[in-house]
Amino acid sequence: MAVSASCFFWFQFMMAISFSVMASFAFDGDWHDAHATFYGDMSGGETMQGACAYGDLFKQGYGLETAALSTALFNNGATCGACFELECINDPQWCIPGAGTIKITATNFCPPNYDPPIEYRWCNPPREHFDLSMAMFTKIANYKAGIVPIHYRRVPCSKSGGVKFELKGNPYWITTVFFNVANAGDITDAKIRGGNGGDWIQMTRNWGQLWQTGTNLVGQSLSYMLTSSDGKTLEFDNVAPSNWQFGQTYEANYNF
């Protein structure tokens, strides 16, 4: 089962375009073996919130096309926002014939379980596992199966509109959730700069895709420099106006 909204804090982990020479991964097209289960019901209520710092997944554009990842895939939250293609394989009893593949976004964490019985330890290291929303699981397999073998591969994320920035925190601890990120989907480095000038300020990952700075930038427009895991860096100048407010979301005019 994926981590619930009530307990996700326990694992908090520590148009100008440029390209970095280093990349964390590549879309190699190869299929990899794993297993899939599901959590929640068909409405997806239990899949909201979670370990990536996202909130209402419907409002944020992810909907039910989501999964919680096991430790081996979650990468301490760094994989949040990445997209995967899955297909049910080698189980004629439970795989739906001709179902094809589904595409999902990583929005949550499936924590390991070290208690017996052993059959519930699918999210334990080093296993690669996807805990899907029920709606997505039942597109490829009968829900009575509970767990099925799958193939998966990392794929580019297709998003509408620009990268979105949700501001939280307080004047002395400004945090930003980055979401609706296209292509690689996951942000691996973030910097912020106020409209009054000065150098870029390095942000640190609080958990998931929530990044933070201790610099007070209230009353200034905000610009961001973001790097995704494929090594691409974009600057988003003045994406939030000088009268920005905590709890508000601002959208850039472009995307990765």
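Select L86 to begin: leaving out residues up to four places away in sequence, L86 touches G100, T101, I102, I104, F130, L132, I150, H151 and Y152, where contact means heavy atoms within 4.5 Å. The model is predicted, so local features need pLDDT of at least 70 and side-chain atom pairs count only at pLDDT 80 or more, whereas totals for chains, interfaces and linings use all residues. Residues are numbered from 1 along each chain as its sequence is written, and side-chain values use heavy atoms, with hydrogens and water left out.

Buried means under 20% relative accessible area, exposed means over 50%, and partly exposed lies in between (1.4 Å probe, protein chains only). In soluble globular proteins, nonpolar side chains tend to be buried together.

Next, select F109, which lies in strand β5 (residues 102-109). Strands (E, at least two residues) and helices (H or I, at least four) are DSSP runs, numbered from the N terminus. F109 counts as buried because its relative accessibility is 5%. The C-alpha atoms of F109 and F130 are separated by 9.2 Å, and the two residues are 21 residues apart along the chain.

Then move to G40, in the loop between β2 (32-39) and β3 (66-69). G40 is buried, with a relative accessible area of 17%. Neighbours within four places in sequence aside, G40 is in contact with E46 and M134.

**Charged side chains**

How many salt bridges does a search of the whole structure find? The search finds three, a salt bridge being a side-chain nitrogen of Lys or Arg within 4 Å of a carboxyl oxygen of Asp or Glu.

- Select R153 and E85: their closest N and O atoms are 2.9 Å apart. This pair links distant parts of the chain, with R153 in strand β7 (residues 148-155) and E85 in strand β4, 68 residues apart. R153 is partly exposed at 23% relative accessible area, whereas E85 is buried at 9%.
- Select D186 and R154: their side chains meet in a salt bridge of 3.1 Å, N to O. D186 is in the loop between β9 and β10 and R154 is in strand β7, 32 residues apart. Both D186 and R154 are buried.
- Select D189 and K191: the closest N and O atoms of this salt bridge are 2.8 Å apart. K191 is partly exposed, with a relative accessible area of 22%.

Now find D91 in the loop between β4 (83-88) and β5. D91 is buried yet has no salt bridge, and K144, the nearest side chain of opposite charge, is 14 Å away. For charge, Lys and Arg count as positive and Asp and Glu as negative, while His and the chain ends are not counted. Residues up to four places away in sequence aside, D91 touches V148 and P149.

Select residues 222-228, which form strand β14. Is β14 largely enclosed or open, and why? Seven of its seven residues are buried, so β14 is largely enclosed by the rest of the structure. In a regular strand the side chains alternate between the two faces of the sheet. Both faces of β14 are covered, with L222, Y224, L226 and S228 buried on one side and S223, M225 and T227 buried on the other.

Show strand β10 (residues 187-194) as well: seven bridges join β10 to β14, and the two run antiparallel. Two strands pair if DSSP finds at least two bridges between them. A190 stands opposite L226 in β14. Five bridges join β14 to strand β15 (residues 232-240), again antiparallel, and F236 in β15 is the bridge partner of Y224. The hairpin of β14 and β15 has three residues between the strands, and there G231 takes a positive phi near 90 degrees.
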